[in-house]
Amino acid sequence: MENLSWNFAYNTGGFTQQEKVSLVEKLPDGEPKQAILRTLADSQIRRGQYNQAMELLNNLPDSSERDGSVQRLGQQWAEHDSKAAAEWLKLQPDSSDRDLAVAGFANVLARTDPQAALQWADTIPDAGVKTGSLKNIALRWLTADSAAAEAWLTGTDALSDSDKKDVLDTSQSSGAERTTFGVNVSDRR
């Protein structure tokens, strides 16, 4: 399945977005079609074609894989053009997709501006996504400025004591700078 998805994405590289969507629409519903759509969307994300990727993701049913792709979209866009990503996020309607994209965006922003990342996380109404986002922000912040991050962790009631412990324990492990906490949608909207 992975090879089929990759080959489809590779061999349709010269197609327009509409041609790709039209071709995929001809496939029978099911996991193969979803895998191809996810692969195409991930390919668009890697190429910096974020709006096209979101169009493809909108053709997928809700799933943890789709959620990961939407979060990755926010993260990749922030890494390549945080100003454009912020402007796009401001225009997005209140939805689970916006929450996930903001979580990815804030994860990147936390490396250089944790306070701004916290402000973005405050715009996430979904408790599960917000908690995961705050944990990722705290983890990035601990790497950049452990004293300030620990002060925030101590004073915040936005995370439970077990979440705080989880962040602190993870920050002590090797590879913490590459670790990302899961972001789970609690209530789809």
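Why does Asp97 count as buried? At 18% relative accessibility, Asp97 falls in the buried class, because buried means under 20% relative accessible area, with exposed over 50% and partly exposed in between (1.4 Å probe, protein chains only). The model is a predicted one, so local features need pLDDT of at least 70 and side-chain atom pairs count only at pLDDT 80 or more, while totals for chains, interfaces and linings use all residues. Residues are numbered from 1 along each chain as its sequence is written, and side-chain values use heavy atoms, with hydrogens and water left out.

Asp97 sits in helix α6, residues 96–109; helices (H or I, at least four residues) and strands (E, at least two) are DSSP runs, numbered from the N terminus. Setting aside residues up to four places away in sequence, Asp97 touches Met54, Asn58, Arg66 and Val70, contact being heavy atoms within 4.5 Å. Helix α6 also holds Asp99, which counts as buried because its relative accessibility is 1%. With residues up to four places away again not counted, Asp99 touches Asp94, Ile124, Pro125, Asp126, Val129 and Arg189.

Now for the nonpolar side. In soluble globular proteins, nonpolar side chains tend to be buried together. Here the largest nonpolar core has 54 residues, and those with the most contacts inside it are Leu73, Phe105, Trp120 and Trp152. A core of this kind is a set of buried Ala, Val, Leu, Ile, Met, Phe, Trp, Tyr and Cys residues joined through side-chain atoms within 4.5 Å. Not counting residues up to four places away in sequence, Trp120 touches Ala86, Leu89, Lys90, Arg98, Val102, Phe105, Ala106 and Leu109.

Aromatic rings come next: a search of the whole structure finds four aromatic pairs. Rings of Phe, Tyr and Trp (its six-membered ring) pair if their centres lie within 6.5 Å; planes under 30 degrees apart count as stacked, over 60 as edge-to-face and the rest as tilted. Phe105 and Trp120 make an edge-to-face pair, 5.0 Å centre to centre with 70 degrees between the planes. Phe105 lies in helix α6 and Trp120 in helix α7 (residues 114–121), so this pair ties together parts that are 15 residues apart in sequence. Both Phe105 and Trp120 are buried. Trp141 and Trp152 form a tilted pair, at 6.0 Å centre to centre and 35 degrees between the planes. Since Trp141 lies in helix α8 (residues 127–144) and Trp152 in helix α9 (residues 146–155), the pair ties together parts that are eleven residues apart in sequence. Trp141 counts as buried at 6% relative accessibility, and Trp152 counts as buried at 18%. Ring pairs also link Tyr50, Trp77 and Trp88 into a cluster.

Then there is the largest pocket, with about 150 Å³ of space. Its lining has 13 residues, of which Gln71, Gln75, Asn107, Thr180 and Phe181 lie nearest the centre. On a 1 Å grid over the protein atoms alone, a pocket is an open set of points where a 1.4 Å probe fits, with protein on both sides within 12 Å along at least five of seven lines; lining residues have an atom within 4 Å of a point. Grid points are joined across faces, edges and corners, and the volume is the space filled by probe spheres set on the points. Helix α5 (residues 64–91) gives the most to the lining, with four residues.
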